[in-house]
Amino acid sequence: MDELRERNITHLTCDSRTAGPHSAFVCIEGQNADGHAYAGAAYRNGCRMFVCRHPLDLPSDAFQQVVDDPRIALAELSASFYGNAAQRLHIIGVTGTKGKSTVATMIRSVFLHAGIQTDIIGTIGMTVGGAFSHTVNSTPESIILHESFARMEQAGTTHVVMEVSSQAYKLHRVHGITFDCGVYTNLAPDHIGPGEHESFEDYRNCKSRLFENARFSVLNADDAYSGFMQEHCRGNSVTYGVDGDADYRAENIELITDDGVPGVSFYLDGQRFTIQLPGTFNVYNALAAVAVADRFGISRRICAEALAKCTVTGRCQRVDCLPGVSFFIDYSHNGLALQNALGALRAYRPKRLICLFGSVGDRTQMRRRELGEAAGSMCDFCILTSDNPGHEAPEKIIAEIERYVGDCPHICITDREEAIRWAVRHAHQGDLILFAGKGHEDYQLIGSEHVPFSEESIIRDEATKLMAQHV
């Protein structure tokens, strides 16, 4: 940091396009690009300070700081450059395979209801002083994190709840951050393959690092890997669960329907809680939020009031637009998540359970089988379509999924918008249709282009046209 001051550096970046005369450019290595290859472009833009893993072929007036790991250097420089705001904020981290966004949203809802100014960072997006913006990753790069922490503090925020992905630790995005509380939801194989994790063990180990850096931990006692996470806890911990012994154990769980919205109720230590989200897995999510709230002295009454109103964008989100038909949008994009979502919705006994889904391209090929098997075994009808095909042919992805849907009746429609409109037009009274995989996303990744795409808008538009035809 002293070197930055001495050289009058007023801008820190890892993007050569934003580098200038008073910038320090950190050459980080990503899945698709290596920052070292762009150092020349940064130099031509006027940048004269570089942090790199190996010496760069640049003119002699370029100052080069060679380090063992530029990502660690970026995290440490970013924290210092933006005033170490993370040290003054109360930061709650949530990790696991499923439920991170829902748990984080529930925690923030409870804290806001308690009058605590709280921001959120995660897959759905982030808020700074309550103002929303999109995020590229569930856990952004360290430079974005620390710049955001500084702006949050300036806006009067005191608490932050954030999703902590396995990649966040693998790529040192949260290096140096101490969490007031770490939350563990569950663990299942995911994000394993080229450019992600080389094995389940690597994925699991990266998840566990949150608890090595948390003063207090909240763990799902019913998950098979809870004990493993417990072994890595730096501080004290509590557990939550449904099936076995836990510090926070839900009882008398009951499926409920409120004005057509499926939900669930349960009791915790004699206090009744209701949530507007279906399934037992959302009971787990709510329990985690209550355990965190207890840690910060928030009453059970406030928790119950907040959770009763809490909804989560793109997570079993109901789209109420066609009488007699239930449409749900959910982010379930791997086999276990889809199985849980379909199982939760099946419990409400629809006339037909229908799922529209696809799978992402360019990576995570193993998901295609598990998605096909989950939907094929649990649905009355499937609509196979595109998700974010990237550079892969969507027809190829769909064909791979189709191999695993078994005897379940289905149709393949490559264009996702066309598939959504087909689903709405062919819906029958009593049907429940789950649009899976996109969730909160407002785009489709086709090739390298993010094409604007709103699943909810398409559903509503087609439903409006359908009702107009029957007037």
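Predicted model: local features only at pLDDT ≥ 70, side-chain atom pairs only at ≥ 80, totals over all residues.
Let's start at Ile91, which is buried, with a relative accessible area of 0%. Ile91 sits in strand β5. Setting aside residues up to four places away in sequence, Ile91 touches Ala86, Phe149, Val160, Met162, Ile177, Phe179, Asp180 and Cys181. Take Cys181 from that list: Ile91 and Cys181 are 90 residues apart in sequence, yet their C-alpha atoms are 6.9 Å apart in space.

Staying on strand β5, we come to Thr95. Thr95 is buried too, at 1% relative accessibility. Beyond the neighbours within four places in sequence, the contacts of Thr95 include Lys100, Val164, Val183, Tyr184 and Thr185. Lys207, Leu210 and Phe211 are also among them.

Now for the residue I'd like you to look at with me, Lys98. Where is it? Lys98 belongs to the loop between β5, residues 90-95, and α4, residues 100-113. Lys98 is buried but makes no salt bridge. Which side chain of opposite charge is nearest to Lys98, and how far away is it? That is Asp223, at 6.5 Å. Leaving out neighbours within four places in sequence, Lys98 contacts Thr185, Asn186, Leu336, Ala337 and Asn340. Thr185, you'll remember, is also in contact with Thr95.

On to the charges that do pair up. The structure holds 30 salt bridges. One of them joins Asp180 to Arg215, with the closest N and O atoms 3.5 Å apart. Asp180 is in the loop between α6 and β10, while Arg215 is in the loop between α7 and β11, so this pair ties together parts that are 35 residues apart in sequence. Asp180 is buried, at 14% relative accessible area, whereas Arg215 is partly exposed at 41%. And Asp180 is a residue we have already met, as a contact of Ile91.

Towards the end of the chain, Glu462 forms a salt bridge with Arg425, and here the closest N and O atoms are 3.5 Å apart. This pair links distant parts of the chain, with Glu462 in helix α15 and Arg425 in helix α14, 37 residues apart. Glu462 is buried, with a relative accessible area of 7%, and Arg425 counts as partly exposed at 40%. Salt bridges that share partners join Glu417, Arg421, Arg425, Asp461, Glu462 and Lys465 into one network.

Asn84 is not a glycine but has a positive phi of about 55 degrees. Asn84 lies in the loop between α3 and β5, and is partly exposed at 27% relative accessibility. His172, also not a glycine, has a positive phi of about 60 degrees. His172 is in the loop between α6 and β10, and at 17% relative accessibility it counts as buried.

Let me step back to the whole chain. The secondary structure comes to 15 helices and 24 strands. Along its principal axes, the C-alpha trace spans about 75 × 50 × 45 Å. Of the 471 residues, 55% count as buried. Among contacts with a separation of 6 or more, 65% come from residues 24 or more positions apart. Finally, there are 43 positive and 59 negative side chains, and the centres of the two sets lie 2 Å apart.

Technical notes
Residues numbered from 1 in each chain as written. Heavy atoms only, no water. Helix = DSSP H or I, 4+ residues; strand = E, 2+ residues; numbered from the N terminus. Buried < 20%, exposed > 50% of the residue type's maximum accessible area, 1.4 Å probe, protein only. Lys, Arg positive; Asp, Glu negative; His and termini not counted. Salt bridge = Lys/Arg side-chain N within 4 Å of Asp/Glu carboxyl O. Contact = heavy atoms within 4.5 Å. Charge placed at Lys NZ, Arg CZ, Asp CG, Glu CD.
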